[in-house]
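Visitor: Please take me through one part of this chain at close range. Then show me how the rest is put together.

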Amino acid sequence: MHRLFGVLIFISFIYTVFSTSVSANEALTREEILANRMDYYMKYSSVEVPWYYLAAMDQFERNIQEVRNDLEKREEPISINFPAHFWVGVDNPFFEDQSTFSIAYFNGIGKDGNGDGFANRQDPDDILYTLAEFLVSYAYEENGFEQALLDYYETKEIVHQVLTIAKIYAYFETNALDKRAFPLPTTAHYSYRGTWGASRGWGGRRIHEGTDLFAGYGVPVRSVSYGVIEVMGWNEYGGWRVGIRDMHNTYHYYAHLSSFNKEFKEGSIVEPGDVIGYVGSSGYGKEGTSGRFPPHLHYGMYKFNGRVEWAFDPYPHLRNWEREKE
Ligand SMILES: [Zn+2]
């Protein structure tokens, strides 16, 4: 009888939370949404669990929910979606259990963060409190955060993506990182077209995964986003190329450069507009090959959905960044 009463309370509670959060979101600006998330991260951060650990996991889950249709898309402010069996305990027969007592009995991870007596898998306070408690249990291990991520996601690529997001947030000390830049100075002479899917002349019948921006030798190539330089070196197709991973699970690929900006190396953090190298015609052969085609920047975008990484068309994004300038 008490349980039934609890369930009814829960249903009306959920209804209230969702109906208010939806109408509240309509009124929020982008800045307010980001500030609201930050308030939640700060509330549950500590010396052992800095805010950017919570923020990085939250952002990663938001990223994959945007591109996967097999995942539930969470409402603002917090996107972290604990699997039900993890929250209530693997052997707990009641998947929607919110009783802290029985969740603890079944070794579930779910906890009550806001003191309302329920461990609610949908409540941002309960989610972040639970996450912080989970992470703090690793705080005194070497690379504890990395180990916690590996235990939770069980995939090295996901761990790498989440660590990248955390590194960017920690460096800039904010989650308000929406700025973008066009990859070439908009004052330079250049031209590009939407050539998505056009065939490439060399290296077999692979589709052309990116956009070619034709410009003169030595025109600066700039990072379009905040991110971490993941690769910087030679590749037989791309020549001297740079790969940068951002906090939206996007990998940005800049190829055929004549040279790099020596201030940066693999692991460096960049922001939009940072010069990473210069336009050239390197590639399509062994290291140092150049001049087999007109100088241009090949720019590619790849999205990681938590399982696979695939190429998508940069052209519409380039048009937007070009229009916005800086
Ligand atoms: Zn190209």
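**A loop serine and its surroundings**

Guide: S46 sits in the loop that runs between α2 (30–43) and α3 (51–67). Helices (H or I, at least four residues) and strands (E, at least two) are DSSP runs, numbered from the N terminus. Residues are numbered from 1 along each chain as its sequence is written. The model is predicted: local features need pLDDT of at least 70, side-chain atom pairs count only at pLDDT 80 or more, and totals for chains, interfaces and linings use all residues.

S46 is exposed, because 12 other C-beta atoms lie within 10 Å. The cut-offs are these: buried means 20 or more other C-beta atoms within 10 Å of a residue's own, exposed means 12 or fewer, and partly exposed is in between, with C-beta atoms placed from the backbone. Leaving aside neighbours within four places in sequence, S46 is in contact with A132 and V136. Contact means that the C-beta atoms of two residues, placed from the backbone, lie within 7 Å. A132 is 86 residues from S46 along the chain, yet their C-alpha atoms are separated by 8.5 Å.

Now the other loops. Between α3 and α4 (84–88) lies P77. A cis peptide bond joins E76 to P77, with omega about 5°. N143 is in the loop between α6 (124–136) and α7 (144–153). Its phi is positive, near 50°, and N143 is not glycine. Most residues other than glycine have a negative phi, and most peptide bonds are trans. N143 is exposed, since 11 other C-beta atoms are within 10 Å.

H256 also has a positive phi, near 70°. This histidine is in strand β6 (residues 250–260). H256 counts as buried because it has 27 C-beta neighbours inside 10 Å.

The largest nonpolar core has 63 residues, and Y53, L54, A56, V162 and Y254 have the most contacts inside it. Such a core is a set of buried Ala, Val, Leu, Ile, Met, Phe, Trp, Tyr and Cys residues joined through C-beta atoms within 7 Å. Helix α3 gives the most to this core, with 9 residues. The core lies between domain 1 (2–172) and domain 2 (190–324), because both give residues to it. The domain bounds come from an automatic or database domain assignment. Apart from this core lies another, of 6 residues, including W87 and I109.

Finally, the whole chain. There are 9 helices and 10 strands. Of the 326 residues, 38% are buried. Among contacts with a separation of 6 or more, 57% join residues 24 or more positions apart.
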